[in-house]
Amino acid sequence: MKSLEGKIAIITGGASGIGRETTLTFLKEGATVIIWDINKTNAEETQKLTGEHTSVVEFMHVDTRNYTEVENATNKVFDKHGKIDILINNAGITSDSTLKKMEPEQWQKVIDVNLTGVFNCGKAVSLKMMEKNSGKIINTSSVVAHNGNFGQSNYVATKSGVIGLTKVWARELGKYGINVNAVAPGFIETEMILSVPEKVLEGLRGKTPLGRLGKPQDIADAYVFLSSDKSNYITGTVLNVDGGMVF
Ligand code: NAI
């Protein structure tokens with residue numbers, strides 16, 4: 001039996017990186033996946049990679065910063081499938097600068113996607129999950145929420161904020177049968193860290209007990225666990241998937 005058989009899953013940011021790997025992994029586990037992303041080209045690329053499973057991956061152009069768009073998309077998914085079992089709040093961006101150089105617009109840009117986007121999707125989708133008294137919401141934090149990171153005031157604020165949202169929602173939504181957890185990835189080999197100099201990456205590997213950076217599959221597997229019935233008694237927690245960088 002596949003662990004997500006028959007489940008309807010929305011994956012934000014499913015067009016690339018961790019989200020793409022998660023889409024492919026969820027399909028193998030039997031889920032129908034709806035990708036919400038703003039990058040159509042990459043989403044179509046993800047769909048092609050699904051091969052025989054193409055029919056069970058839908059792409060919807062949804063800018064998670066916009067509540068009306070999110071609400072409309074939520075209604076469409078619910079009307080079509082009759083339920084939403086899983087929300088993976090994975091879309092995220094960086095825009096790094098030291099506090100000295102960070103422009104207010106740069107601060108706001110990251111808040112809008114990484115925090116407001118998570119709120120928008122969590123609110124709209126949980127309303128539908130409440131109707132069914134069932135659901136799994138997984139928010140994407142980061143190892144930097146625990147440790148801070150040079151040049152990332154905006155990003156760290158959002159990733160710490162996501163942990164706060166996870167704990168509030170776990171308390172509020174438990175009575176509706178909805179589990180809410182967060183995954184805090186370490187440094188994962190995706191486009192997002194391509195801009196990090198190799199010397200810095202080497203230093204990060206050195207600080208990781210398992211001696212390597214993470215792969216998108218490492219995070220996708222954690223998302224599967226927290227979306228499946230194997231984690232039914234887990235809520236309000238932050239699962240670090242970082243090779244042991246933080247414990
Ligand atoms: P990525 O850049 O490969 O993928 C992010 C996706 O989000 C892209 O497809 C992008 O189009 C989409 N997106 C951006 N803004 C959006 C919006 N307004 N509405 C809808 N979709 C939007 O990034 P990656 O590396 O796969 O990261 C995924 C998540 O994991 C992010 O939340 C990131 O902060 C988090 N993370 C990543 C780490 C890493 O080392 N790669 C480490 C820790 C956390």
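Where does asparagine 133 sit? I found asparagine 133 in the loop between α4 and β5. This is a predicted model, so I read every entry below with that in mind.

**Entry: asparagine 133**

I looked up the backbone here and got a phi near 55°, a positive value in a residue that is not glycine. I noted it since most residues other than glycine have a negative phi. Then I checked accessibility: asparagine 133 has a relative accessible area of 47%, so I put it down as partly exposed.

**Entry: the whole chain**

I stepped back to the fold. The protein chain has eight helices and seven strands. I wanted to know how the radius of gyration compares with that of a compact globule. For 247 residues such a globule would come out near 18 Å, and the protein chain has 17 Å, which agrees. The C-alpha atoms fill a box of roughly 50 × 35 × 35 Å along the principal axes.

Of the 247 residues, 50% count as buried. Taking contacts between residues at least 6 apart in sequence, I got 74% joining residues at least 24 apart. The accessible surface is about 11800 Å², and carbon and sulfur atoms own 53% of it. On charge, I counted 27 positive and 27 negative side chains, with the centres of the two sets 3 Å apart.

**Entry: helix α6**

Next I went to α6, residues 153-173. It has 21 residues and reaches 30 Å from its first C-alpha to its last, close to the 30 Å expected at 1.5 Å a residue. I listed its buried residues, among them Tyr155, Val162, Ile163, Trp169 and Leu173. Lys159 is on that list too, as are Asn154, Thr158 and Thr166.

What covers the buried residues of α6? I found helices α4 (104-132) and α5 (144-147) among the cover, along with strands β4 (86-89), β5 (135-140), β6 (178-185) and β7 (238-241).

**Entry: methionine 102**

I moved to the loop between β4 and α4, where methionine 102 has its place. Methionine 102 has a relative accessibility of 14%; the cut-off for buried is under 20%, so methionine 102 counts as buried. Beyond residues up to four places away in sequence, it touches Ser95, Ser97, Trp107, Gly151, Ser153 and Asn154.

Is valine 77 buried or exposed? I got a relative accessible area of 2%, so valine 77 is buried. Valine 77 lies in α3, residues 67-81. Setting aside neighbours within four places in sequence, I logged its contacts as Ile8, Ile10, Ile34, Trp36, Met60, Gly82 and Ile84. Serine 231 is 154 residues from valine 77 in sequence and 24 Å away in space, C-alpha to C-alpha.

Glycine 82 was on that contact list, and I followed it up. Glycine 82 is in the loop between α3 and β4. Its relative accessibility is 30%, so I have it as partly exposed. Apart from neighbours within four places in sequence, glycine 82 is in contact with Val77 and Lys132. I also looked up glycine 82 against isoleucine 8: the two are 74 residues apart in sequence and 9.3 Å apart in space, C-alpha to C-alpha.

Methods. Residues numbered from 1 in each chain as written. Predicted model: local features only at pLDDT ≥ 70, side-chain atom pairs only at ≥ 80, totals over all residues. Heavy atoms only, no water. Helix = DSSP H or I, 4+ residues; strand = E, 2+ residues; numbered from the N terminus. Rg over C-alpha atoms; globule rule 2.2 N^0.38 Å. Buried < 20%, exposed > 50% of the residue type's maximum accessible area, 1.4 Å probe, protein only. Contact = heavy atoms within 4.5 Å. Areas by Shrake-Rupley, 256 points an atom, 1.4 Å probe, with all protein chains shown as cover. Lys, Arg positive; Asp, Glu negative; His and termini not counted. Charge placed at Lys NZ, Arg CZ, Asp CG, Glu CD. Expected span 1.5 Å × (residues − 1).
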